[in-house]
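Hi,

Here is the structure I promised to pass on.

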Amino acid sequence: MAEIKITDQVDITDVVCPLTFVKAKVAIEELEVGEILSIRLNEGEPVQNIPRSLKEEGHKVLKLIDNEDGTYNLLVRKAED
């Protein structure tokens, strides 16, 4: 698999649902179509809900990386508006 070039990143480990999705959505809306956002999030509700919600918005979830410290990095490609 080709290396994924991350355009921007956001850390939402300091907020709780539903603000986690709000911060992720705002961050991805600032990107151009096709650019990739890395979202650092906590295990539990955020890691269950954020990928699903972004898919429902039409974005492409590329990878979910377990940082093995209770956090994950979610890589998402922005879709058409």
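Predicted model: local features only at pLDDT ≥ 70, side-chain atom pairs only at ≥ 80, totals over all residues.

Residues are numbered from 1 along each chain as its sequence is written, and side-chain values use heavy atoms, with hydrogens and water left out.

The structure has four salt bridges (a side-chain nitrogen of Lys or Arg within 4 Å of a carboxyl oxygen of Asp or Glu). One of them joins glutamate 57 and lysine 25, at 3.1 Å from N to O. Glutamate 57 sits in the loop between helix H2 (45-56) and E3, and lysine 25 in helix H1 (residues 19-29), so this pair ties together parts 32 residues apart in sequence. Helices (H or I, at least four residues) and strands (E, at least two) are DSSP runs, numbered from the N terminus.

Another pairs arginine 40 with aspartate 69, at 3.5 Å. Arginine 40 belongs to strand E2 (residues 36-42) and aspartate 69 to the loop between E3 and E4, so parts 29 residues apart in sequence are tied together. Both also belong to a salt-bridge network with Asp11.

Then there's glutamate 68, in the loop between strand E3 (60-66) and strand E4 (71-77). Its phi is near 60°, a positive value in a residue other than glycine. At 74% relative accessibility, glutamate 68 is exposed (over 50%; buried is under 20%, partly exposed in between, with a 1.4 Å probe and protein chains only).

Cheers
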